Amino acid sequence: MQSVEQEAMTRFMKNLSFFQARHPDLYQKLAAFDNAVEHGHYVTRYELEYKEEGYFDVFEKESGNWLYGMDSNKHADVIADSIDYSKEGNLFETFREIPLDEEKVKFYESLPLTDTALSTIAPVVYYANQIAGKDTTMKKIYKFIFFGTGLGLHLRKIHEKIDATVYLIVEDDLELFRLSLFVTDYEALTSHNAVLFFSIFDDDETFRYKSYAFLREMFPYNHYIKYFLLLSHDTEKVKIFHSAVISQDYLKFPHSAVMEVYLRPYRYLAEDYRFIDIGRVSECALFENKPVLILGAGPSLERNIDWVRTNQERFVIVSVTAVMALLERHNVKPDILVHVDGFEASMKHLEKVQSMNFFSDTILLFASFAYPPFTKAFKKENIYIFQAAAKVKEEFSQLTASNVGIMTYALGLMFGTHEMYTLGLDLALDSESGATHTTDHVHAKKLDIDHAMELEESVKYHESVVWTKGNFEEEVPSVPAFVSALMELRGIAAQLQKSGQKIYNLSCGAYIQGSEPMPIENVHVDSLGKMDKSELKNEIVKCFDANSSIRLTENEIEMIKKRIEHGKNILALLEAFKLKKFSSIDIYHYELLGLMIDILAEESKEEAVDTNGVISVYIQMVGSYVFDFINTREVDNPKKHVKKLNRLFMTQFIRLVEYYVDFLENFLKNYLRH
């Protein structure tokens, strides 16, 4: 018995050393737990016991129950035996189902590649799915998730069986995880250089961040991600991980949309729109002593629109364009309108506006990928384009976000606003009606907030109801899209928010990190003086004009030439790879990985950023199908299929890069004539 105790203690200390060196955040968490126990701030709930039969079990003091109640080694063996290599059951699919046949493939391939992502992925996906469908099995499980560690015995057994390359280890019970350190050697899971991600006793938001990090690691192998859920572990983290899967950028914004994001600024340059350096606006000190009210399209705005109308002269009003009709109906004139949406659907926000003249004095800040027909509905002299994603003005600041509310919030911070109020930036559903937006919004809907989502239920990005921390309530209903936006906002605000900037959240929605919840009736409006809005507009225009330009500099033109050259270098790599012959599917596997590494290795070079931004999304979208084909056991005559699939893949890849290069060449040729 003494030797068992000594071995357990040695194993415990080895694990602590491993965590201290490789996972210091987890080590600190365990140290804090021990300190809490030592000083009587936490009373332990479990006892670790070694049974005479030769296994460890955990006794829960309060209930008198055992965690396993059987031989924990045999329990681990049973679990390991249950893990299979099928493409169904206990797994996450990180792709969208695309029903295809030969006729549809031909149709999609005939469409312009910026119209739909299917134009450049349908031929590859269709062929790969015919050979490597869901009825086949995987040769190797590359990525695996453990939801619940128990004493960790099944982790070791499963690792010995599958030898995965990346693991995510999740446990909500810190005390139980600590006991597992006496039983399981966690460093042994890194044999063959496996990468470990730990989420131990994390809140939901922290777990989401770690889920995204896990998904980014070796992303070509994300197609199917196997997991095991310990019965004693809560299912909530499984649902959260599922929502993280469907919130990935390449599923929200496919490469066809990303291509437009990077190329649309050139359309605005060709038409002599003014580009503004939003990073220098704060130097005007315009908003230091003026309260700014940010208006989003959440339900809270509609509920409080009368308050906005009554007090509009006390604030600089910066609003998203999605609420234009609502503002017009209630005679609220925004000082600045912000537009980000790059899609045709945004045109519907103009349909309910009775007269565009209502906004004739409003200054317009539009993202460089804004939908051009939407932009043309406004007076050109009022429009300022700011860089979002693509960098065409070398010294100008950029601001990128997936959500216009986030972008507007961030602009307020960048302007150096000392006192900022937000209303309608709910990022949550209305707690009573389940409404997602104001009633005029193009994506407005009402969801069933009382529906309890089951574990096996499909999570929908814009419709599945999840819960998050509330601004005024402990929890509020939301959807994965809003929760993802909250995480994005937190990261942006952490970079932009300066000390001294006070942000007051007036919305009955989600809590925003770095803001102070404030009921609207608590705003001391009487202490805020009324503004001369005509004078205000003159001040803003003067500032914006001083920090904007129309033409490209010589250096900026040279950068476009370098981007064209970089794109042509990629095309040469792809053309050469298309002609290669591969003696085996394994050689194709490693050479394809090498090709992708070669292409993306130069992502730090400025001329490579835009191209690689499109390519990385394309690889995530279509590459996982190719790697799933490579990882499928039942591939008959693999040399034949590798040849066909590689030709299809490279052909579509080349189409994508050629479009980018041709667009830039045509732009530059016409611009230099201008």
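## Rings, charges and a disulfide

Guide: Searching the whole structure turns up 45 aromatic pairs, where rings of Phe, Tyr and Trp (its six-membered ring) pair if their centres lie within 6.5 Å, and planes under 30 degrees apart count as stacked, over 60 as edge-to-face and the rest as tilted. This is a predicted model, in which local features need pLDDT of at least 70 and side-chain atom pairs count only at pLDDT 80 or more, while totals for chains, interfaces and linings use all residues. Residues are numbered from 1 along each chain as its sequence is written, and side-chain values use heavy atoms, with hydrogens and water left out.

Visitor: Are the rings of phenylalanine 374 and phenylalanine 378 stacked, edge-to-face or tilted?

Guide: The two ring centres are 5.4 Å apart and the planes meet at 45°, so the arrangement of phenylalanine 374 and phenylalanine 378 is tilted.

In the same way, phenylalanine 577 and phenylalanine 582 have centres 5.3 Å apart and planes at 50°, so that pair is also tilted.

Visitor: Is phenylalanine 374 buried or exposed?

Guide: Buried means under 20% relative accessible area, exposed over 50%, and partly exposed in between (1.4 Å probe, protein chains only). Because its relative accessibility is 0%, phenylalanine 374 counts as buried.

Visitor: Which residues do ring pairs link into a cluster?

Guide: A charge sits over a ring if NZ of Lys or CZ of Arg is within 6 Å of the ring centre and within 35 degrees of the ring normal, and that is a separate kind of contact, found for lysine 140 over the ring of tyrosine 142, 5.6 Å from its centre. The cluster itself is linked by ring pairs, and its members are Phe92, Phe147, Phe197, Phe214, Tyr227 and Phe241.

Visitor: Over which ring does the charged end of lysine 380 sit?

Guide: The charged end of lysine 380 lies 4.8 Å from the centre of the ring in question. That ring belongs to tyrosine 273.

Visitor: Which cysteines does the disulfide join?

Guide: The structure holds one disulfide, a disulfide being a pair of cysteine sulfur atoms within 2.5 Å. With an S to S distance of 2.1 Å, the residues joined are cysteine 284 and cysteine 543.

Visitor: What is the handedness of that disulfide?

Guide: The torsion about the S-S bond of cysteine 284 and cysteine 543 is about 90°. The disulfide is therefore right-handed.
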